[in-house]
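The sequence and the model come first.

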Amino acid sequence: MKQKLSAETSRLDDAARAGWLYYVAGNTQDEIARKLGVSRQSAQRLVSLAVSERLIKVRLDHPIAHCMELSSRLTEKFELKGCEVVPSDPDAPSSTVGIAQAAATEMERHFRSQQPKIIAYGTGRTLRASVDQLPMMDCPQHRVVSLLGNMMSDGSASAYNVIIRLADRINARHYPMPLPVFARSREELQLLHNQEAVHNILDLIRQADATFVGVGNMGPTAPLAKDGFVSLDEMRALENAGATGEITSWVYDRNGKLIEGLTNDLVASAPLLPAGEKPVYGIAAGEAKVSAILGALRGKFINFLITNETTAEQLLKC
């Protein structure tokens, strides 16, 4: 009997994977067959089974056993309040497909609450992809607030700030941070933070019921460098100082300790502190981000992780 149940679980796992690859990642049945190592006919049957067993709605609705196991192990190892591990696309292990939908599910759960909430947001590509997965909602009882500004020193804006885009989707009051990402000097930073509007926003952030942030890596491909917020020379200096990751432009090392000096002296974002009792969701995946995620976990900057299988496996080896 146990062997029969195990075979049934495995069959549903395969169907769920096939359904995810087809309906979420947009693979053809030939691509699914190649990735799962089965015939095209078997791939077609697995996709059909995912539908007939009601494993597929808009999002994957089957808890794949391996993902569940990885989630449990990560939660225990890093003392998390929660962890969501989604399947990885074998051809694109760094893809945001899947984790963006999982993050949107968590966001939607908070926004469905009739009790007024304050939700704080970082910025970046993965968070924007997550916001794009949200349905249109009417949530005037909630407030969404940005943890950081999105302006360059010349006044131009980043394309990956999510607050205004989010507010349009859910019809909530929104509070963008009216600041550049980095001040030009410590004196300017003090002047910026002394603005009454900034005081009000920082107070909202302290009251936030939930927080969603991306986790950035270091190096020439890092978001901070690619988007022009730091120069390559500044990035090299950060790496030489031991930097492995950043959250809302605050840079830290592999043990989750903030780097002293350098760009951290000029960050205009809300302070990056260890997470308390309220959920702080870190949303990230990919080999390039493993060290950054590890530092965020060790520093307790996040207490809820949303990632994919491949990244979860690498984190557990560290």
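## Sheets, helix packing and the main pocket

Three strands form an open sheet in the order E6-E7-E8, and their pairing is antiparallel. Its edge strands are E6 (216–217) and E8 (250–253), each of which pairs on one side only. The model is a predicted one. Strand E7 (residues 243–247) runs antiparallel to E8 and is joined to E8 by four bridges.

A second open sheet has seven strands with parallel pairing, in the order E1-E10-E9-E5-E2-E3-E4. Strands E1 (82–86) and E4 (173–175) are at the edges with a single partner strand each, so one side of each has no neighbour in the sheet. From one strand to the next, the twist averages 15°. Within this order, strand E2 (residues 118–121) pairs with strand E5 (residues 210–214) in the parallel sense, over three bridges. Ala120 has Thr211 in E5 as its bridge partner.

| Strand pair | Sense | Bridges | Bridge partners |
|---|---|---|---|
| E2 and E5 | parallel | three | Ala120 and Thr211 |

Helix H13 (residues 309–317) lies across E1 and strand E10 (304–308), and the helix runs at about 115° to E10.

Two packed helices are described by the angle between their axes and the distance between the axes. For helix H6 (residues 125–132) and helix H7 (residues 163–170), the angle is about 10° and the axes are 10 Å apart. Because angles under 35 degrees count as roughly parallel, H6 is roughly parallel to H7. On the H6 side the contact is made by Arg128, Val131 and Asp132, and on the H7 side by Arg165, Leu166 and Arg169. Sorted by class, this contact of H6 with H7 has four charged residues, two nonpolar and no polar ones.

The largest pocket holds about 570 Å³ of space. Its lining has 35 residues, of which Gly124, Arg125, Gly216, Pro223 and Lys289 are the closest to the pocket centre. The elements giving two or more residues to this lining are H6, E5, E6, helix H10 (223–226) and E7. Which classes do the residues of the lining of the largest pocket divide into? There are 16 polar, 13 nonpolar and six charged residues.

How values were computed:
Residues are numbered from 1 along each chain as its sequence is written. This is a predicted model: local features need pLDDT of at least 70, side-chain atom pairs count only at pLDDT 80 or more; totals for chains, interfaces and linings use all residues. Side-chain values use heavy atoms; hydrogens and water are left out. Axes are lines fitted to C-alpha atoms, for helices over the stretch in contact, and angles run from 0 to 180 degrees between N-to-C directions. Angles under 35 degrees count as roughly parallel, over 145 as roughly antiparallel, 65 to 115 as roughly perpendicular and the rest as oblique. Contact means heavy atoms within 4.5 Å. Ala, Val, Leu, Ile, Met, Phe, Trp, Tyr, Cys and Pro count as nonpolar, Asp, Glu, Lys and Arg as charged, and the others, Gly among them, as polar. Two strands pair if DSSP finds at least two bridges between them. On a 1 Å grid over the protein atoms alone, a cavity is a set of points where a 1.4 Å probe fits but cannot get out, and a pocket is an open set with protein on both sides within 12 Å along at least five of seven lines; lining residues have an atom within 4 Å of a point. Grid points are joined across faces, edges and corners, and a volume is the space filled by probe spheres set on the points.
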